[in-house]
Amino acid sequence: MERLLELEPDDTGNYVLLSNIYANLGRWDGVSRMRKLIRSKSMKKTPGCSLIEVNNVVQEFLSGDDSRTYSQDIYWILELLALHQSKSVYLIETWPENTSEIML
């Protein structure tokens, strides 16, 4: 982290990364220090983004940006996919181990 701060002292992502590392370790004092440091430097986190291609046109979506006319449709489809995925994981986890006997 020290080396990253030397190379890119104004990159908010480095501070967020360290904050996430602290959070994963349960070191909430470190998380708090990083957030205070980011605020004291008036830094803003760059929003996450995704790119998709539809009909040979690349569309970029920024986190929290719902200004596009079809954003709500996309969010609705993503929620359906997430729901489907969570149900699939549940089914896999609860599927009996001796499935070959059941299928025969």
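**Pocket lining, hairpin and a buried asparagine**

By class, the lining of the largest pocket comprises eight nonpolar, four polar and no charged residues, where Ala, Val, Leu, Ile, Met, Phe, Trp, Tyr, Cys and Pro count as nonpolar, Asp, Glu, Lys and Arg as charged, and the others, Gly among them, as polar. The model is predicted, so that local features need pLDDT of at least 70 and side-chain atom pairs count only at pLDDT 80 or more, whereas totals for chains, interfaces and linings use all residues. Residues are numbered from 1 along each chain as its sequence is written, and side-chain values use heavy atoms, with hydrogens and water left out.

Helix 4 (71-94) gives the largest share of this lining, five residues, and strand 1, strand 2 and helix 4 each supply at least two; helices (H or I, at least four residues) and strands (E, at least two) are DSSP runs, numbered from the N terminus.

Strand 1 (residues 49-54) and strand 2 (residues 57-62) pair in the antiparallel sense over six bridges, pairing requiring at least two bridges found by DSSP. Ser 50 has Phe 61 of strand 2 as its bridge partner, and both Ser 50 and Phe 61 are among the residues that line the largest pocket. The two strands form a hairpin with two residues between them, and Asn 55 in the turn has a positive phi of about 55 degrees.

Elsewhere, Asn 14 lies in helix 2 (residues 12-24) and is buried, with a relative accessible area of 6% (buried means under 20%, exposed over 50%, partly exposed in between, with a 1.4 Å probe and protein chains only).

Definitions and conventions
1 Å grid on protein atoms, 1.4 Å probe; cavity = no way out; pocket = protein on both sides within 12 Å on 5 of 7 lines; lining within 4 Å.
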